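Thanks for asking me to look this one over. Here are my notes, point by point, to read with the model open beside you.

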Amino acid sequence: ITVRSLEKGIELFTVPEAHANQWVRHLEYSLDGRFLVSCGDDRLVRIWDAKNGGVAMAPLDGHTARVSCIAHSRDGIYLASASADKTVRIWNLRSGHSPSPRLYHKGDVTSVSLAPDDKALATGCSDGTVGIWDPWTGIPACAPLVGHTSRVTSVLYHSSKPHIFSASEDHTVRLWDTSSGDSLAKLQVGGDTSMAHSLSLS
């Protein structure tokens, strides 16, 4: 992991072999900017001091396969992690424990996003579906959203509307209505050798 200052154009710090010399899959700053959280193929979620890259707390250890994606709750207390072990776990960052039931899927979970009010959670899966869950009970909020024809690579909640965006290896980005489960729009992206792997809203 290497962190650089865009303003100064200099390297701030590097964390060598952050995940035991295995792939780092996702990075995200905590909402207060104090921590940098990463996940990777070593099956762990790791928390670093955002100022110097030092270890901030013990790794979150509970998945049995690579961890592909992480997402913070709006209060900064909880963190969701999605894994190739077909589960999503919710972690309490203050205690390091996972207080909620695991969210079980039929395939690898590739992406995760919490709703703005933290009352729902969206997941992208290798079977091409998008799931919507109650993150605190582990119960699906509705049937999986079906429309993609290949692995979902990223999901993202809209910041102010009941909508979810999803990207897939089928070279499309879809917009979903979380109330009805309908696909509202489909955008073709990439070509035969390229696709969307990540989503972000300005």
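How many helices and strands does the protein have? Let me start there.

1. The protein has 18 strands and zero helices. Both kinds of element are DSSP runs numbered from the N terminus, with helices being H or I of at least four residues and strands E of at least two. Please keep in mind that this is a predicted model, where local features need pLDDT of at least 70 and side-chain atom pairs count only at pLDDT 80 or more, while totals for chains, interfaces and linings use all residues. Residues are numbered from 1 along each chain as its sequence is written, and side-chain values use heavy atoms, leaving out hydrogens and water.

2. Along the principal axes, the C-alpha atoms fill a box of roughly 45 × 40 × 30 Å.

3. Of the 202 residues, 49% are buried, meaning under 20% relative accessible area with a 1.4 Å probe, protein chains only. The accessible surface comes to about 10300 Å², and carbon and sulfur atoms hold 50% of it; the area comes from the Shrake-Rupley method with a 1.4 Å probe.

4. Four strands make an open, antiparallel sheet in the order E3-E4-E5-E6; two strands count as paired if DSSP finds at least two bridges between them. Strands E3 (24-29) and E6 (55-61) stand at the edges with a single partner strand each, so one side of each is left without a neighbour in the sheet. Neighbouring strands here are turned by 15° against each other on average, direction ignored, using lines fitted to C-alpha atoms as axes.

5. E5 pairs with E4 (residues 35-40) over five bridges and with E6 over four. Trp48 is the bridge partner of Leu36 and also stands opposite Val55 in E6, while Val45 stands opposite Leu60 in E6.

6. Finally, have a look at the turns. E4 and E5 form a hairpin with three residues between them, where Arg43 has a positive phi of about 75°. The hairpin of E5 and E6 has five residues between the strands, and Gly53 takes a positive phi near 80°.

Terms used:
Axes are lines fitted to C-alpha atoms, for helices over the stretch in contact, and angles run from 0 to 180 degrees between N-to-C directions. Buried means under 20% relative accessible area, exposed over 50%, partly exposed in between (1.4 Å probe, protein chains only).
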